[in-house]
Amino acid sequence: MIQFNAHFDGKNLCPEEPVSLPENISLRVTVAETEPRKTTAAVGPLDVFDRLAAETGLIAGPADWAAEHDHYLSGVPKHGEHSDQ
């Protein structure tokens with residue numbers, strides 16, 4: 001496998017270093033960015049915190065939701081509830 005850095009000028013891939021490739025044969029090219037893009041969320045990729053904020057949110061729920069998650073997810077008795085009451 002041959003790897004080299006290149007940039008795309010809008011029409012062609014331009015190697016940034018000398019490359020020795022066979023001529024006049026079909027080649028498979030895989031493209032991977034070497035540097036993250038520096039753009040704002042409004043015009044390009046979101047940073048990790050923007051992505052998390054876009055995928056999460058606040059949900060209304062009981063005040064003891066975190067402490068009693070087993071009760072709300074699986075139906076087990078709450079920590080304060082006992083079956084002998």
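# Exercises on a predicted model

At 26% relative accessibility, Asp 64 counts as partly exposed. Keep that residue in mind; it comes back in Exercise 2. One thing to remember as you work: this model is predicted.

**Exercise 1. Work out how many helices and strands the protein chain has, and in what pattern they follow each other.**

Step 1: Walk along the sequence and note each element as you meet it. The pattern reads β-β-α-α.

Step 2: The protein chain has a mean pLDDT of 78, and 79% of its residues reach 70 or more. Among the elements, S2 has the highest mean pLDDT, at 89, while H1 has the lowest, at 73.

**Exercise 2. Find the residue that forms a salt bridge with Asp 64, and say where both partners sit in the chain.**

Step 1: Start with the idea. Side chains of opposite charge can pair when their charged atoms come close.

Step 2: Look for the partner. Asp 64 forms a salt bridge with Lys 78, and the closest N and O atoms are 3.2 Å apart.

Step 3: Asp 64 is in the loop between helix H1 (48–55) and H2, and Lys 78 is in the segment after helix H2 (69–74), so the pair links distant parts of the chain, 14 residues apart.

Step 4: Check the cover. Lys 78 has 23% relative accessibility and counts as partly exposed, and Asp 64, at 26%, is partly exposed too.

Step 5: Count up. The total comes to 1 salt bridge.

**Exercise 3. Is Glu 68 buried or exposed, and what does it touch?**

Step 1: Locate the residue. Glu 68 lies in the loop between H1 and H2.

Step 2: Judge the cover. Glu 68 is buried, which means its relative accessible area is under 20%. For context, buried residues make up 1% of the 85 residues in the protein chain.

Step 3: Look for a charged partner. Glu 68 has no salt bridge, and the nearest side chain of opposite charge is Lys 78, 6.3 Å away.

Step 4: List the contacts. Leaving aside neighbours within four places in sequence, Glu 68 is in contact with Lys 78, His 79 and Gly 80.

**Exercise 4. Which residues form the nonpolar patch on the surface?**

Step 1: Name the members. They are Ile 2, Phe 4, Phe 8, Leu 13, Leu 21, Ile 25, Leu 27, Val 29 and Val 31, with about 880 Å² of accessible area together.

Step 2: Zoom in on Phe 4. This residue sits in the segment before strand S1 (6–8) and is partly exposed, with a relative accessible area of 33%. Not counting residues up to four places away in sequence, Phe 4 touches Pro 15, Glu 17, Val 19 and Leu 21. The C-alpha atoms of Phe 4 and Pro 15 are separated by 6.9 Å, and the two residues are 11 residues apart along the chain.

Step 3: You'll find Val 29 in the loop between S2 and H1, and at 56% relative accessibility it counts as exposed. Val 29 and Ile 2 are 27 residues apart along the chain, with their C-alpha atoms separated by 10.0 Å.

Step 4: The protein chain exposes about 8,300 Å², and carbon and sulfur atoms supply 55% of it.

**Exercise 5. What is the phi of Asn 24, and where does this residue lie?**

Step 1: Read the angle. Asn 24 has a positive phi of about 60°, although it is not a glycine.

Step 2: Asn 24 lies in the loop between strand S2 (13–15) and H1.

Step 3: Check the cover. With a relative accessible area of 79%, Asn 24 is exposed.

Technical notes. Residues are numbered from 1 along each chain as its sequence is written. This is a predicted model: local features need pLDDT of at least 70, side-chain atom pairs count only at pLDDT 80 or more; totals for chains, interfaces and linings use all residues. Side-chain values use heavy atoms; hydrogens and water are left out. Helices (H or I, at least four residues) and strands (E, at least two) are DSSP runs, numbered from the N terminus. Buried means under 20% relative accessible area, exposed over 50%, partly exposed in between (1.4 Å probe, protein chains only). Accessible areas come from the Shrake-Rupley method with a 1.4 Å probe; for residues, only the protein chains shown count as cover. A salt bridge is a side-chain nitrogen of Lys or Arg within 4 Å of a carboxyl oxygen of Asp or Glu. Lys and Arg count as positive and Asp and Glu as negative; His and the chain ends are not counted. Contact means heavy atoms within 4.5 Å. Patches are made of residues with over 30% relative accessible area and no salt bridge: like charges are joined within 9 Å, nonpolar side chains (Val, Leu, Ile, Met, Phe, Trp, Tyr) within 5 Å. pLDDT is the predictor's confidence in each residue, from 0 to 100.
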